[in-house]
Amino acid sequence: MPSFPQRGEVTICEINCDLVTAESLSDNRAKETYGGVLGFVFSPIPFRADPMPPSGPAAEQERNNTAPRSGFAAFKEILSDSFKRILLPSALNLSPDVIFQAVSWHPHKHMVACISGSNQVLIRDYEDSVGKDPCILTSEAQREIKSLEWRPNSGKTLFVACNGGVCLWSESYPGNVPSTRSGVTSSLGTISRGSGNRWTLVDFLRSPTGEQISAISCSPDGRYLASASYESSSFTIWDVAQGAGTPIRRGLGAVSILKWSPTGDYLLTTMSDGTFYLWETNTWTSEPWSSTGGYVTGAAWDPMGRMALLAFSESNTLGSLHFASRPPALVLVSLASDAHLLPVELPEISSLTGSCGIEKIAWDASGERLALSFKDGEEMYGGLIAVYDIKRTPLISPSLVGFIRGPGEYPKPLAFSFHSKFKQGPLLSVCWSSGLCCTYPLIFRTHYFLK
């Protein structure tokens with residue numbers, strides 16, 4: 001039977017397909033469950049969670065009469081201002097359920113970054129034995145943060161998407177001071193607590209139109225960065241070393257999600273009008289796709305880059321985009337004939353939770369665990385994250401392991417992400433609306449207990 005946490009319980013970890021719970025979060029409970037296996041524990045990280053927008057007519061009246069705006073009310077003001085500045089396509093249709101919040105694991109370190117409030121980023125280095133307080137990254141150039149991602153194969157370097165462009169931060173410590181691009185004021189850098197090292201703002205990739213950057217994705221080799229805005233139907237490919245960007249436009253809706261494939265051969269872009277595109281990055285050719293399940297709310301690649309999972313706003317069925325040949329394939333054959341969109345049924349989401357759509361998904365780098373959040377549905381399942389065991393033979397076969405409940409009263413997941421290269425198995429971090437970023441080791445291989 002799938003593991004289900006009761007009200008008042010919090011999830012600690014997974015041990016062999018059992019999601020272990022406790023009455024409260026504590027390092028002692030973590031040591032008892034998974035600490036002996038991993039050799040350390042991941043303490044929760046407190047951050048400043050912006051209030052989630054309330055719902056209902058009274059809440060709507062309150063939003064109309066209260067300043068300053070926050071949540072979706074502020075987002076609607078931004079969108080309204082955008083319409084005054086530029087003419088956007090009529091297909092633009094961003095949902096009030098969209099919450100721009102992000103958490104990202106460093107690909108090679110036990111280091112996690114998450115958005116805290118609208119203008120700052122927290123970084124927690126679990127390998128730092130000196131202090132346990134996270135570092136705080138702030139800058140005058142870093143406003144209205146919407147997304148963040150670590151740069152692969154480039155030491156400790158972090159991209160932060162914000163209003164007007166993308167901030168590029170690099171860790172600075174004695175003997176290794178990162179170079180700053182000309183024109184970037186490093187003195188706007190960072191407040192650092194609990195660590196002898198500091199972080200420096202080494203570059204700012206400025207959007208040509210000054211628009212709000214809401215989505216970013218880095219190529220696996222770290223050379224290129226894709227950035228996009230909910231204000232525009234185009235996205236930009238940046239040569240990070242040169243600081244030069246090339247805009248690419250396709251379709252009518254605003255770009256909502258960018259996901260580079262693990263091999264770097266493809267870039268998946270989703271639009272607010274429900275269409276999505278798969279770009280072959282060697283020639284930058286693409287073909288449009290669409291779904292009857294609403295717009296795409298989440299996307300994730302398998303470890304080999306041979307398939308992608310997509311979640312939709314009005315469906316509890318995922319879409320699995322499969323390729324018939326090894327990438328890159330679009331140079332020789334058309335995308336329509338080489339790729340196939342197949343349904344992946346999640347019957348428990350409908351039968352147990354009563355949900356009417358998927359909010360977010362994350363797929364671990366081994367391809368064995370899938371985490372997803374869902375909207376609406378039964379009250380007892382509200383705010384939970386569903387965890388699935390995934391088999392690929394070669395089609396995707398999901399099996400529900402259970403549900404994760406966060407700390408606090410009626411917590412909801414704002415963002416969640418897997419560590420991409422954690423050797424002991426899937427490692428999921430979740431930023432909860434209660435203001436804690438919690439990490440959940442998902443341990444299910446017997447040989448972990450034999451080491």
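Four strands, in the order β21-β22-β23-β24, make up an open sheet with antiparallel pairing. Strands here are DSSP runs of E with at least two residues, and helices are runs of H or I with at least four residues, numbered from the N terminus. Two strands count as paired if DSSP finds at least two bridges between them. β21 (296–301) and β24 (339–344) stand at the edges with a single partner strand each, so one side of each has no neighbour in the sheet. From one strand to the next, the twist averages 25 degrees. Such angles are taken between N-to-C directions and run from 0 to 180 degrees, with axes fitted as lines to C-alpha atoms, for helices over the stretch in contact.

The model is predicted: local features need pLDDT of at least 70, side-chain atom pairs count only at pLDDT 80 or more, and totals for chains, interfaces and linings use all residues. Residues are numbered from 1 along each chain as its sequence is written, and side-chain values use heavy atoms, with hydrogens and water left out.

A second open sheet has the order β17-β18-β19-β20, and its four strands pair in the antiparallel sense. Its edges are β17 (255–260) and β20 (285–290); each has a single partner strand, so one side of each is left without a neighbour in the sheet. Neighbouring strands in this sheet are turned by 20 degrees against each other on average, direction ignored.

Strands of a sheet pair through backbone hydrogen bonds, either parallel or antiparallel. The table lists some pairs.

| Strand pair | Sense | Bridges | Residues facing each other |
|---|---|---|---|
| β21 and β22 (residues 307–312) | antiparallel | five bridges | Ala-300 and Leu-309 |
| β19 (residues 275–280) and β20 | antiparallel | six bridges | Trp-279 and Ser-286 |
| β29 (residues 413–418) and β30 | antiparallel | five bridges | Pro-413 and Trp-432 |
| β30 and β31 (residues 436–443) | antiparallel | five bridges | Leu-428 and Tyr-440 |

Strand β30 (residues 427–432) is mostly covered, with six of its six residues buried. Buried means under 20% relative accessible area, exposed means over 50%, and partly exposed lies in between, using a 1.4 Å probe and protein chains only. Leu-427, Ser-429 and Cys-431 point one way from β30, while Leu-428, Val-430 and Trp-432 point the other way. β30 and β31 form a hairpin with three residues between the strands, where Gly-435 takes a positive phi near 95 degrees.
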